[in-house]
Amino acid sequence: MKKISQDKLNHIKQLSTEKEYISALAIDQRGSLKRMINSAEGGVDDIQAAVEEFKVGISEELTPYASSILLDPEYGLPGAEARDSSAGLLLAYEKTGYDADEPGRLPDLIDEMSVKKIKELGADAVKFLLYYDVDEEGSVNEWKHRFTERIGSECEAEGIPFFLEIVSYDANNDDAKGKEYAKVKPHKVNEAMKEFSKDRYNVDVLKVEVPVNMHYVEGFGDSDEFVYTQEEAKEHFRAQDESTDLPYIYLSAGVSAQLFNETLEFAHKAGAKFNGVLCGRATWKYSVDAYVEGGDSQSREWLKDKGVQNITALNEVLERTATPWTDLFEVKE
């Protein structure tokens with residue numbers, strides 16, 4: 001059981017449902033979202049204003065159905081102001097993307113931000129994204145370990161929860177969606193969770209991928225060339241659950257809303273006691289097309305229809321499948 005301060009516990013409650021699991025909406029995309037919005041012929045005149053407007057629409061239309069929302073300080077602060085009063089707020093601390101010319105997918109922090117500043121902006125938690133290959137050359141991972149420790153120490157000092165998002169990869173294989181990576185993904189995901197569950201990092205909640213590529217699970221993918229039988233996939237979910245004593249929540253990784261919901265049902269049947277989700281594109285992805293075609297009004301029409309359908313369907317699945325984090329925390333004396 002993890003010991004945390006009363007301040008941290010209060011913030012995590014603000015991010016959660018009344019039943020104490022997390023049903024959060026993620027819209028902290030920056031570089032990829034700019035490219036998508038700018039894809040219309042001729043692009044847009046003011047990409048900063050366009051991305052901010054899009055995020056405000058997401059926040060206003062969907063946070064009444066979410067326990068909290070993840071945004072970024074660079075484009076998301078107007079959206080944070082526009083969120084439903086009942087929704088908690090997470091803010092991203094990392095710069096978007098990584099330098100592809102440098103080995104190791106090393107992270108960097110937003111220049112104008114600190115944990116103190118993020119807290120002053122009204123956030124209930126700090127989110128940091130780390131690309132991690134547990135088998136990568138030692139000095140790279142040592143660098144990432146020390147970097148993450150610093151953030152955890154900042155969060156501990158400020159009494160604000162630290163949500164660590166881990167995206168696994170293989171330094172020797174760039175095809176993260178391919179069959180060969182699917183074979184090693186359970187090892188990559190679950191071993192990374194073991195590492196960052198150590199007390200030295202001061203992580204409070206892990207935001208993680210599911211441990212398999214569901215497209216390669218027997219009965220789920222379009223091909224007969226599956227990598228895992230359903231029982232093998234369930235065993236990977238059970239191993240993931242055993243890899244940490246921390247609360248962990250799933251990211252949607254850009255899959256369809258239907259597949260994400262089916263994945264949560266599958267994880268639950270496997271025995272995974274996940275504590276909610278931080279779901280992004282599975283909920284709102286196609287509202288970007290509507291925004292490109294017809295601006296804010298058309299995007300909001302999509303969100304009020306399909307977006308609300310997506311998030312309410314997800315909430316219904318979480319009611320059946322998510323486990324409260326209640327027994328995973330103990331307040332420090």
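Residue E74 lies in the loop between β3 and α4, where helices (H or I, at least four residues) and strands (E, at least two) are DSSP runs numbered from the N terminus. The model is predicted: local features need pLDDT of at least 70 and side-chain atom pairs count only at pLDDT 80 or more, while totals for chains, interfaces and linings use all residues. Residues are numbered from 1 along each chain as its sequence is written, and side-chain values use heavy atoms, with hydrogens and water left out.

E74 has 33% relative accessibility and therefore counts as partly exposed; buried means under 20% relative accessible area, exposed over 50%, and partly exposed in between (1.4 Å probe, protein chains only). Not counting residues up to four places away in sequence, E74 touches R30, Q48, E52 and I110, contact meaning heavy atoms within 4.5 Å. The C-alpha atom of E74 is separated by 9.9 Å from that of L91, 17 residues apart along the chain.

L91 belongs to strand β4 (residues 88–92), in which five of the five residues are buried, so the strand is largely enclosed by the rest of the structure. G88, L90 and A92 point one way from β4, whereas L89 and L91 point the other way. In a regular strand the side chains alternate between the two faces of the sheet. Strand β3 (residues 68–71) pairs with β4 in the parallel sense over four bridges, two strands being paired if DSSP finds at least two bridges between them. L71 has L91 in β4 as its bridge partner. Strand β5 (residues 125–132) also pairs with β4 in the parallel sense, over three bridges, and the bridge partner of L91 in β5 is V126.

The largest nonpolar core has 78 residues, and those with the most contacts inside it are L206, F237, Y250 and W284. Such a core is a set of buried Ala, Val, Leu, Ile, Met, Phe, Trp, Tyr and Cys residues joined through side-chain atoms within 4.5 Å. Its largest share, ten residues, comes from helix α11 (residues 287–321). A second, separate core of 16 residues includes L70, V205, W325 and F329.
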